Amino acid sequence: MARNNGLDTPRETRRSLRANYDPEAFGRLSEKFARFLGTARFLVYMTVFVLSWVIWNALAPRDLRFDDYPFIFLTLILSLQASYAAPLILLAQNRQADRDRISLNEDRAQNARSIADTEYLTRELASLRIALGDVATRDYLRNELGDLAKEIVEELRKPESDTK
């Protein structure tokens, strides 16, 4: 079977041993995570988690406690959570800044097109005004016809001897 290498047909997909991944997937995940960290729901969940941790490790029987008073393990977990949350939030902010920059550039281009269109319409309107200045108006025609009528009447009233 001959292979068609023309530009009018797509290539066949090749199978690869490499994993297929979406490069934007991690960015979208970080945005979802950052969005969740900024909600009241997250604050409530963290408050419930920390309070239950502290209450359990303060009031439970001694042999069932897993993190005694200075709560070192809780501090470690919260530090670990913060160390992962900060870069994910920064990544989400960078992605938002990129979107804002693209949106700003599109807005600038749209504004430039609008200004160019407005200037074009202004020039067209000015040329129409100039052209209308050269057009005989109804009042001008009435005055001219009235003057011509007066001249004709005067010519007709003159005696015939004046015209010879």
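User: Why is R95 called buried?

Analyst: R95 has a relative accessible area of 17%, and buried means under 20%, so R95 gets that label. Keep in mind that this is a predicted model.

User: What makes R95 and E24 a salt bridge?

Analyst: Their closest N and O atoms are 2.4 Å apart. The cut-off is 4 Å between a side-chain nitrogen of Lys or Arg and a carboxyl oxygen of Asp or Glu, so R95 and E24 form a salt bridge. R95 lies in helix α3 and E24 in the segment before α1, so this pair ties together parts that are 71 residues apart in sequence.

User: Is E24 buried, partly exposed or exposed, and why?

Analyst: E24 has a relative accessible area of 39%. Partly exposed covers what lies between buried, under 20%, and exposed, over 50%, so E24 is partly exposed.

User: Which residues of α3 are buried, and what do they pack against?

Analyst: L74, A85, L88, A92 and R95 are the buried residues of α3. They pack against α1 (25-37) and α2 (40-59). From the α1 side, S30 touches L88, L91 and A92, leaving aside residues up to four places away in sequence. S30 itself counts as buried because its relative accessibility is 1%.

User: How do you know what span to expect for α3?

Analyst: Helix α3 runs over residues 72-134 and has 63 residues.

User: What makes D98 and R101 a salt bridge, and where do they lie?

Analyst: Their closest N and O atoms are 2.4 Å apart, and the cut-off is 4 Å, so D98 and R101 form a salt bridge. Both lie in helix α3, three residues apart, about one turn of the helix. Elsewhere, salt bridges that share partners join E24, E31, R95 and R99 into one network. How many salt bridges does the whole structure have? A search finds six.

User: Why is R62 called exposed, while D68 is partly exposed?

Analyst: R62 has 60% relative accessibility, so R62 counts as exposed, the label for values over 50%. D68 is at 39%, so D68 counts as partly exposed. The two side chains meet in a salt bridge (3.7 Å, N to O).

User: Now the rings: why are F36 and F42 called edge-to-face?

Analyst: There are six aromatic pairs in the count. The ring centres of F36 and F42 are 5.5 Å apart and their planes stand at 75°. Centres must lie within 6.5 Å to pair, and planes over 60 degrees apart count as edge-to-face, so that is the name for this pair.

User: What makes W53 and F66 edge-to-face?

Analyst: Their ring centres are 4.9 Å apart and their planes are at 85°, so this pair is edge-to-face. W53 lies in helix α2 and F66 in the loop between α2 and α3, so the pair ties together parts that are 13 residues apart in sequence. Ring pairs also link F49, W53, F66 and F73 into a cluster.

User: Which residues make the nonpolar surface patch?

Analyst: W56, L64, F66, F73 and L76 make a patch of about 520 Å². One of them, L64, has a relative accessible area of 45% and so is partly exposed.

Notes
Residues are numbered from 1 along each chain as its sequence is written. This is a predicted model: local features need pLDDT of at least 70, side-chain atom pairs count only at pLDDT 80 or more; totals for chains, interfaces and linings use all residues. Side-chain values use heavy atoms; hydrogens and water are left out. Helices (H or I, at least four residues) and strands (E, at least two) are DSSP runs, numbered from the N terminus. The expected span of a helix is 1.5 Å times one less than its number of residues. Buried means under 20% relative accessible area, exposed over 50%, partly exposed in between (1.4 Å probe, protein chains only). Contact means heavy atoms within 4.5 Å. Rings of Phe, Tyr and Trp (its six-membered ring) pair if their centres lie within 6.5 Å; planes under 30 degrees apart count as stacked, over 60 as edge-to-face and the rest as tilted. Patches are made of residues with over 30% relative accessible area and no salt bridge: like charges are joined within 9 Å, nonpolar side chains (Val, Leu, Ile, Met, Phe, Trp, Tyr) within 5 Å. Accessible areas come from the Shrake-Rupley method with a 1.4 Å probe; for residues, only the protein chains shown count as cover.
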